[in-house]
Amino acid sequence: MDALTAFGLFAVAFTLVCYTLEDRAPFWTLLFAFGCLLGSAYGFLQGAWPFGVVELIWFVVALRRWARLRRLVEPIA
């Protein structure tokens, strides 16, 4: 297994774990977004640019979801 394949495996596994734990706290949604960004980087590095673009879109979607969840959970002072 080369370094790029190992990076891709880590990115996808990390994203899956974060997705599974998202219901526990908004922090996991933020980490899920980061995992999507890692997956996007892997897609572009591997040469599968459509995968990279879709993962980049998921990164933006997850960041917006994290911001919304954070506002709902944190009390407004």
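Where does Ala25 lie? Ala25 sits in the loop between α1 (3-21) and α2, with helices taken as DSSP runs of H or I of at least four residues, numbered from the N terminus. The model is a predicted one, in which local features need pLDDT of at least 70 and side-chain atom pairs count only at pLDDT 80 or more, while totals for chains, interfaces and linings use all residues. Residues are numbered from 1 along each chain as its sequence is written, and side-chain values use heavy atoms, with hydrogens and water left out.

Ala25 comes out as partly exposed at 27% relative accessibility; on this scale, buried is under 20% relative accessible area, exposed is over 50% and partly exposed is in between (1.4 Å probe, protein chains only). Between Ala25 and Arg68 there are 12 Å in space, C-alpha to C-alpha, and the two are 43 residues apart in sequence.

Next comes the helix pair. Helix α2 (residues 26-46) packs with helix α3 (residues 49-73) at an angle of about 170°, and their axes are 8 Å apart. That makes α2 roughly antiparallel to α3, a label for angles over 145 degrees. The axes are lines fitted to C-alpha atoms over the stretch in contact, and angles run from 0 to 180 degrees between N-to-C directions. The contact of α2 with α3 has 20 nonpolar, five polar and three charged residues; Ala, Val, Leu, Ile, Met, Phe, Trp, Tyr, Cys and Pro count as nonpolar, Asp, Glu, Lys and Arg as charged, and the others, Gly among them, as polar.

As for α3 itself, its 25 residues reach 36 Å from the first C-alpha to the last, close to the 36 Å expected, where the expected span is 1.5 Å times one less than the number of residues. Buried in α3 are Gly52, Glu55, Phe59, Ala62 and Trp66, and what covers the buried residues of α3 includes α2.

Thr29 is found in helix α2 and counts as buried at 1% relative accessibility. Not counting residues up to four places away in sequence, Thr29 touches Glu22, Ala62, Arg65, Trp66 and Leu69, contact meaning heavy atoms within 4.5 Å. Gly43 also has its place in helix α2 and is buried, with a relative accessible area of 0%. Leaving aside neighbours within four places in sequence, Gly43 is in contact with Ala48, Trp49, Phe51 and Gly52. Gly43 and Glu55 are 8.1 Å apart in space, C-alpha to C-alpha, and twelve residues apart in sequence.

Definitions and conventions:
Helix = DSSP H or I, 4+ residues; strand = E, 2+ residues; numbered from the N terminus. Parallel < 35°, antiparallel > 145°, perpendicular 65-115°, else oblique.
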